Amino acid sequence: MESEIHYINRSGWLRAAVLGANDGILSTTSLTIGVAAASTTREPILLAAVAGLVAGALSMAAGEYVSVSSQSDVESADLQREKAALENMPREELEELAQIYIQRGLNENLARQVASELMAHNALEAHARDELGISEITQANPLTAAFASAVSFIIGGFLPLLVAIFAPIKDMIFYQYAFSIIFLAFSGILAAKAGGSNIRKAVLRICIWGTFAMAASALVGYIFGVHTA
Ligand SMILES: [Zn+2]
């Protein structure tokens, strides 16, 4: 018998990918809107889009690398400490694990039995999961994570770059805004579908916040741009 589908396990990488793509869409669109508000030619808009794409992808990769590797440093230091504790004072560690299960609602006898059976099976795994909250899911590879978020940013940011290349220069801001809402809505639908959450809510949320971001950068463009009408 097939059990019900659980979405939480695959939501980790999916969330990162969607976040990266949304970031790429939003920041590149905002850049082109800001520059388009201050420019009457296409070149500066394209330049801003490409520069933003490259800089954004690199900073996403660097940020993700640092955050994942420091997370995994912390985790492996915790695991080392736990391993030493398990070797040096197995009895205290057994009691510690049993106390965790008692707090979760098991009676004392059952908690001790569960703790000792889990520790007989794999002591470090049991302590990592129930004491430290470290499971396999959180052990991401920093390089993979960095690469994935850079790629998803580039995929997202490539869409407004295409709009910057092909949309009529006169109505660039309108086209950028309209297409980015379509892109954002599409990625919202994709994320909600894959994550099994409410589609309407996800789409509405991303469109509203996207509009705020783009309106703010258009405003900056208007304020700092020299308009020669
Ligand atoms: Zn422990």
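Biologist: Which residues do ring pairs link into a cluster?

Modeller: Phe-174, Tyr-175, Phe-179 and Phe-183. The model is predicted: local features need pLDDT of at least 70, side-chain atom pairs count only at pLDDT 80 or more, and totals for chains, interfaces and linings use all residues. Residues are numbered from 1 along each chain as its sequence is written, and side-chain values use heavy atoms, with hydrogens and water left out.

Biologist: How many aromatic pairs does a search of the whole structure find?

Modeller: Four. Rings of Phe, Tyr and Trp (its six-membered ring) pair if their centres lie within 6.5 Å; planes under 30 degrees apart count as stacked, over 60 as edge-to-face and the rest as tilted.

Biologist: Why is the pair of Tyr-175 and Phe-179 called stacked?

Modeller: The planes of Tyr-175 and Phe-179 stand at 20° with the ring centres 6.5 Å apart, so the pair is stacked. Both residues lie in helix H6 (residues 172-195), four residues apart, about one turn of the helix. Helices (H or I, at least four residues) are DSSP runs, numbered from the N terminus.

Biologist: What makes Phe-179 partly exposed?

Modeller: Its relative accessibility is 34%. Buried means under 20% relative accessible area, exposed over 50%, and partly exposed in between (1.4 Å probe, protein chains only). Tyr-175, at 29%, is partly exposed.

Biologist: Why is the pair of Trp-209 and Phe-212 called tilted?

Modeller: The planes of Trp-209 and Phe-212 are at 45° and the centres 5.6 Å apart, so the pair is tilted. Both lie in helix H7 (residues 199-224), three residues apart.

Biologist: What makes Trp-209 exposed?

Modeller: A relative accessible area of 56%. Phe-212 counts as exposed at 53%.

Terms used
Helix = DSSP H or I, 4+ residues; strand = E, 2+ residues; numbered from the N terminus.
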